[in-house]
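Reader: I am new to this structure and would like to go through it with you. Could you begin with a single residue and its surroundings?

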Amino acid sequence: MIHPNFVFLGVFISFVGGMGYLVDTLKGKAQPNRVSWFLWAFVPFIIFFAQIQQGVKSEIWVTFIAGFSPLLVFGASFFSKKSAWKITKFDMICGAFSLVGLFFWFLTRSGNIAILFSILADALASIPTLIKSYHEPETENATAYFFGGINAAIGLLIITQWNFENYAFSAYILFVCLTLAVLIQFKIGALIKKLLQ
């Protein structure tokens, strides 16, 4: 375990990565999938408030920045015509299932249930961007996801009490961010296509 104040270093690193993605979005270099980025902004705030309800301390800031940066990117995606990514029916289905997960949380009103369903909703929201990163990595920014993964790793390293509300979202964010970073940075989709030819 490291000192809990390291959480602010993680938040700063994640924010820098998010601002890099935001700048790339405004320039039209990155083309965020608005379904993913809207839900990546919305869902962490539900988890943030659920964690507060469950008495989570420093780890909440990992969750907060996980929602705040995507909110800025989502907003920026409307200011550059080059950054518009075509939303498909599949994207909308993932978004709808994501919202269904949030509805089930709303019915239960339990903090840990909120966290669980929100993670499931966030994972479903990630699918369109995972597919896009596999097929068209040049429309993404690996650094932003890598920095988000560093933030999540720091969030895990500061945990003093290993229970679901403290570790679940950070562990999920670490997994999804590093998966996206690897897909984009190493152009895994193109490598696999070459191997299959």
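Author: Leaving aside neighbours within four places in sequence, Trp37 is in contact (heavy atoms within 4.5 Å) with Tyr21, Pro32, Pro70, Val73, Phe74, Thr129 and Tyr145. This is a predicted model: local features need pLDDT of at least 70, side-chain atom pairs count only at pLDDT 80 or more, and totals for chains, interfaces and linings use all residues. Residues are numbered from 1 along each chain as its sequence is written, and side-chain values use heavy atoms, with hydrogens and water left out.

Reader: Which residues touch the most other members of the largest nonpolar core?

Author: They are Tyr21, Trp37, Ile119, Tyr145 and Phe169, out of 34 residues in that core. A nonpolar core is a set of buried Ala, Val, Leu, Ile, Met, Phe, Trp, Tyr and Cys residues joined through side-chain atoms within 4.5 Å. Buried means under 20% relative accessible area, exposed over 50% and partly exposed in between (1.4 Å probe, protein chains only).

Reader: And which helix gives the largest share of this core?

Author: Helix H7 does, with nine residues. Helices (H or I, at least four residues) and strands (E, at least two) are DSSP runs, numbered from the N terminus.

Reader: Turning to Lys132, is it buried or exposed?

Author: Lys132, which lies in helix H5, counts as buried because its relative accessibility is 4%. Leaving aside neighbours within four places in sequence, Lys132 is in contact with Gln31, Asn33, Trp85, Pro137, Thr139 and Glu140.
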